[in-house]
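User: Hi! I have a structure open here and I'm new to this. Could you walk me through it?

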Amino acid sequence: MLLNYLKIFLRNLKKQPAYMFINILGLSVGMASSILIFLFVQHELSYDKYHEKSDRIYRVSRSFFNQNGEVNLYLAHTAPPFGPLMKSDFSEDLEQAVRVLNTNVILKSGEKIFEEEKVYFSDPEVFSVFSWELVDGNGEEALNFPDGMVISESMARKYFGDADPIGKSLELMISQHQVNLQVRAVMKDIPDNSHFRADFLVSMEMVTGYFGGYDEMMKNYGSNQFGTYILLKEGSNIKNIEDQIPDFLNRHIQVGEGGALASTWTSLHLWPITDIHLHSNLDSELEPNSNIEHVYIYTAIAFFILLIACVNFMNLATARSSKRALEVGLRKTLGAEKRFIIGQFMSESILMSLISLVLALVMTSLMLPFFENFTGKDLSFNLFEQPIYLFGLLGFVLVVGMIAGSYPSLFLSSFQPVKVLKGTFKIGTIHEKLRAALVVGQFAISIILIVAVLVVVHQLDFMKNKDLGFEKDRIAVLPAYEELVGNFENLSQRFLQHEGIESVSLGSRVPSGRLLDSGITSAELKDGLTNIDIRLSDIHVSHGYMETFGIEIVAGRDFDFQLPTDSTQAFLLNESAVRAIGWTSAEDAIGKSLHYDARRGYVVGVVKDFHFESLHQPIIPMVFMIPDTRFNSVAIRLKQGFEEETIAYLKEEWIALKPDFPFSYYTIEDKFQQQYESEEKVGVVFGFFAGIAILISVLGLFGLSAFAAEQRTKEIGVRKVLGASVKSIVLLLGKDFLKLVLFGFLLAVPIAWFAMNSWLESFAYSVSISWGVFGLAGLIAVVIATFTISSQSIRSALTNPVDSFKTN
Amino acid sequence: MENIIKTTHLKKLYTTEEVETTALDDINIEIKKGEFVAIMGPSGCGKSTLLNIIGLLDNPDDGQYHFLNEEVAKYSERQRSQLRKGNIGFVFQSFNLIDELTCYENVELPLLYLKLPADERKKKVVEVLTRMNIMHRKDHFPQQLSGGQQQRVAIARAIVAKPAVILADEPTGNLDSANGEEVMRLLEELNNEGTTIVMVTHSPHDANYAHRIINLFDGKVVTENIREQFHV
């Protein structure tokens with residue numbers, strides 16, 4: 001019997017190639033898209049699951065509260081004492097606690113010198129927590145040596161080529177420190193589904209020295225730069241530890257000025273390691289994480305694309321059912337029961353789905369390299385190495401085939417042989433209405449996706465071009481070496497002689513970075529000097545910082561080089577800080593006393609609010625001051641037209657200043673753009689898959705309109721004989737379908753509006769969705785649909801009426 | 001001789017939103033095993049409706065229908081289908097072969113639904129195609145055959161399962177006279193071998209092959225004649 005079904009299927013395939021092509025192409029494109037998205041989503045969900053003890057590993061994160069108990073800073077990192085203290089205090093429940101500290105350093109081996117970002121100072125026990133595979137040497141032993149280092153295979157190749165890296169030394173340079181490290185173990189590259197990927201693990205000993213020894217380090221609760229991970233004992237409950245955190249903090253952190261217990265202003269949080277990649281987007285992270293929302297969005301897109309493709313199949317199969325009606329009638333007459341007919345059409349659609357899968361796999365393998373490149377992830381899959389995929393795909397074929405075949409087979413099997421054989425058979429209006437509803441649904445999904453693309457593009461455009469409140473163009477940022485900071489006045493005078501340089505200044509942080517530093521503030525209000533419980537972020541700057549960045553001063557003045565007290569007592573605030581402190585206006589703030597940590601001084605000026613951080617963050621209160629330390633960056637404003645040669649000049653100067661160091665710089669504008677990369681990717685993915693959704697919908701519409709034109713050939717002939725124009729016939733055939741597209745539009749508008757508004761809410765600053773976006777999306781859908789339908793209807797309208805009669 | 005078909009007060013109505021038409025009204029007929037019966041009457045008199053009910057493709061709205069001594073008037077689609085296969089063969093005016101299947105496969109179809117093993121199917125199909133003198137075209141598709149050949153394939157399909165009854169709905173309507181004659185001779189031959197035949201026809205010539213003619217008019221049996229009385 002199956003053979004009989006197969007024969008009929010293959011002969012229909014041969015007989016109606018266009019119809020089969022539309023079905024198979026639509027299904028395979030839909031399947032290929034879904035497979036790609038599945039691979040991506042599966043990869044996203046697999047983060048950190050490769051650790052054997054992943055269900056027992058937790059990251060310790062730290063938050064800070066204001067007086068109202070609201071979190072005003074939430075860091076993925078904690079201070080250095082927490083790891084060791086937790087290990088000893090919670091020894092009943094904890095098997096291990098380890099810390100890692102990530103920093104940028106310069107590494108040198110002979111002639112090879114590189115700036116490295118993925119260097120992690122680590123406690124030796126990291127190897128008993130994380131499942132990092134060692135190729136050579138013992139990781140834990142290696143990190144127990146004060147100069148010990150573990151490097152990844154690819155880094156070993158980068159520095160030592162094919163030579164055995166064990167025993168080789170690398171020179172590490174960080175600000176004025178320079179030490180020789182010895183490679184004592186080599187590990188496999190950390191899998192890319194890790195929330196952080198170290199290239200080098202270095203003994204924590206050096207950091208301990210930097211903090212002034214172990215005892216000093218264990219007293220420092222303010223340097224929250226350490227990634228801290230705990231490993232729970234088997235059978236222990238994480239809740240036991242969570243419940244004890246307030247007591248733990250109160251026990252160890254000294255009660256400060258004002259006497260507030262530590263647990264009232266700070267807390268620790270324990271994150272399952274497998275949740276970090278998709279759920280943790282805190283104020284600091286070891287590496288940027290992804291977002292579970294993107295996983296939901298991509299999954300929904302895959303589902304909808306597949307649904308559109310299945311709907312195509314259903315629509316075309318039922319629309320063409322009259323062609324199969326006689327066969328069904330006869331089979332029933334000859335003794336076929338309903339279940340046989342259902343079985344036949346189900347097997348046809350499963351077979352169609354199987355053929356589509358083969359084509360989809362070809363498409364997937366062609367598209368995978370581009371998709372991998374785009375997502376920056378290794379998504380490769382091999383059906384024969386991982387049989388689970390093979391079974392998964394077969395299941396996928398069955399499900400898709402059954403969904404696509406469900407309605408047509410139930411519909412076709414309900415034909416009554418008497419009516420079919422008598423010729424009185426007609427497709428019921430209910431089925432026609434259902435088919436119309438499916439087309440409406442398809443176009444609604446397509447239009448929603450178009451709206452999504454337009455809104456994402458609009459928001460990206462807005463973020464890229466929004467006036468940030470300062471001049472972000474042509475500012476190059478370079479690392480501030482000791483040699484430069486110590487001799488800044490002379491060097492900046494020299495730089496300014498260059499025709500391509502407009503201004504030079506130093507800063508602890510520059511716009512496009514995060515604002516994570518803060519201190520204890522008190523300010524002069526009506527009742528005298530008052531403790532201010534807000535997070536006031538500080539930026540340490542040199543003279544000329546405001547000028548370099550074009551930051552506008554709305555009251556008072558800038559730091560003045562002529563006034564030596566400015567370097568010890570003057571503060572500049574932004575408008576948000578003035579408001580948060582409680583002064584009535586910028587002018588009101590001028591001259592008022594302000595204490596910030598140890599500095600006692602007064603406000604000399606107020607700058608207009610500007611976007612220091614990306615537009616994901618709201619503008620927060622800021623304070624600027626001139627210290628003599630903590631400069632990390634040099635900001636240089638270049639003159640228009642001289643950018644390239646000035647960078648070349650700066651390179652020469654920097655190399656002369658620090659001969660063995662690689663020269664690197666970035667521009668503020670680029671750095672801002674980079675922060676929108678994730679949205680940009682969402683935009684591209686939306687665009688791509690919206691295109692696919694539309695393509696599949698159009699294929700379906702094309703098939704349906706071709707069929708409708710074919711069905712009405714005789715009617716068209718009669719109308720033409722009676723004097724109908726080509727235009728009126730095109731309109732006659734087109735208007736029914738256009739009506740469906742318009743209904744789709746009406747359905748799409750509220751859904752798209754709601755969905756995109758929710759997306760925009762994740763931005764501190766966003767566009768509002770204008771009617772124009774919906775108008776444009778609707779117009780795109782109507783134009784594409786009109787084009788598709790008219791290609792068919794014009795052909796029918798131009799047919800000689802005599803031929804129309806002949807074909808009937 | 002034993003009745004194979006017996007209808008008592010059979011009634012069939014067709015209802016639309018506005019009108020109710022009586023297609024068959026109080027039909028009482030008996031057809032005995034081995035009989036060759038022709039049903040005649042003008043278009044719309046209910047011939048085909050009666051044939052569909054006799055063929056278990058449709059249910060009557062009222063009355064009783066005994067097929068092989070079984071009361072089947074209220075049978076479900078599934079029960080009718082079970083009874084149909086193997087017991088009733090159909091021959092249509094427009095042949096109704098499945099275009100996508102070859103002659104061989106068309107003839108094989110009823111046997112597939114009877115779930116006969118492959119070798120037995122093959123034996124039966126070859127036998128019947130040979131008998132119909134169409135074996136040499138077994139791998140051709142219906143459109144590649146003449147009308148007469150197509151109808152021979154259709155008859156082959158109708159008899160392959162050796163049914164007790166063959167129902168033929170104007171079997172020569174789409175054929176020229178020579179081919180029509182051949183089809184009628186085949187039916188006669190089958191009848192001589194014991195197969196009961198019920199045939200709807202407009203043609204008095206074809207009706208002459210029958211033992212008995214039932215005349216319908218406006219859904220009612222008006223006369224029942226033994227063939228000899230009409231013989232020309």
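**A first look**

Analyst: Happy to! Chain A has 30 helices and 23 strands. Keep in mind that this is a predicted model.

User: Thanks! What size of box do the C-alpha atoms of chain A fill?

Analyst: Along the principal axes, the box is roughly 105 × 60 × 55 Å. Chain A has 808 residues, and 40% of them are buried.

User: What share of the contacts in chain A join residues at least 24 apart?

Analyst: Counting contacts between residues at least 6 apart in sequence, 81% join residues at least 24 apart.

User: Where does UniProt place the "transmembrane region" feature in chain A?

Analyst: The unreviewed UniProt entry places that feature at several stretches of chain A, including residues 21-41 and 737-756. In the model, residues 21-41 of chain A are 100% helix and 0% strand, with end C-alpha atoms 29 Å apart. Residues 737-756 of chain A are also 100% helix and 0% strand, and their end C-alpha atoms lie 27 Å apart.

User: Is strand β13 of chain A mostly covered or mostly exposed?

Analyst: Mostly covered: six of the seven residues in β13 (residues 501-507) of chain A are buried. β13(A) also pairs with strand β22 (residues 633-638) of chain A, in the antiparallel sense and over six bridges. Looking across to β22(A), you'll find A:Arg637 opposite A:Ser503.

User: Let's switch to where the two chains touch. How many residues does the contact take from each chain?

Analyst: It takes 22 residues from chain A and 21 residues from chain B. In chain A, α1 (2-15), α13 (321-333), α14 (338-375) and α16 (417-422) each supply at least two residues of the side that touches chain B. The one that gives the most is α1(A), with six residues.

User: And what's that side of chain A like by class?

Analyst: The side of chain A that touches chain B has ten nonpolar, four polar and eight charged residues.

User: Now chain B. Why is helix α3 largely enclosed by the rest of the structure?

Analyst: Ten of the eleven residues of α3 (residues 103-113) of chain B are buried, so the helix is largely enclosed. Among those buried residues are B:Cys103, B:Leu109 and B:Tyr113.

User: What covers them?

Analyst: The cover includes pieces from both chains: α1 and α14 of chain A, together with α4 (118-131) and α5 (147-159) of chain B. After α3(B) comes B:Lys115, which has a positive phi, near 60 degrees.

User: Last one: what order do the strands of the open sheet in chain B take?

Analyst: The four strands run in the order β2-β1-β4-β5 (chain B), with antiparallel pairing. β2 (20-32) and β5 (70-71) of chain B are at the edges with a single partner strand each, so one side of each has no neighbour in the sheet. As for β1 (residues 3-15) and β4 (residues 62-67) of chain B, they pair over five bridges. One spot to look at is B:Lys6, whose bridge partner in β4(B) is B:His66.

How values were computed
Residues are numbered from 1 along each chain as its sequence is written. Chains are lettered from A and ligands numbered from 1 in the order in which they are written. This is a predicted model: local features need pLDDT of at least 70, side-chain atom pairs count only at pLDDT 80 or more; totals for chains, interfaces and linings use all residues. Two strands pair if DSSP finds at least two bridges between them. UniProt positions are given in the numbering used here, feature names are shortened, and annotations may be inferred rather than shown by experiment. A residue is buried if 20 or more other C-beta atoms lie within 10 Å of its own, exposed if 12 or fewer, and partly exposed in between; C-beta atoms are placed from the backbone. Two residues are in contact if their C-beta atoms, placed from the backbone, lie within 7 Å. Ala, Val, Leu, Ile, Met, Phe, Trp, Tyr, Cys and Pro count as nonpolar, Asp, Glu, Lys and Arg as charged, and the others, Gly among them, as polar.
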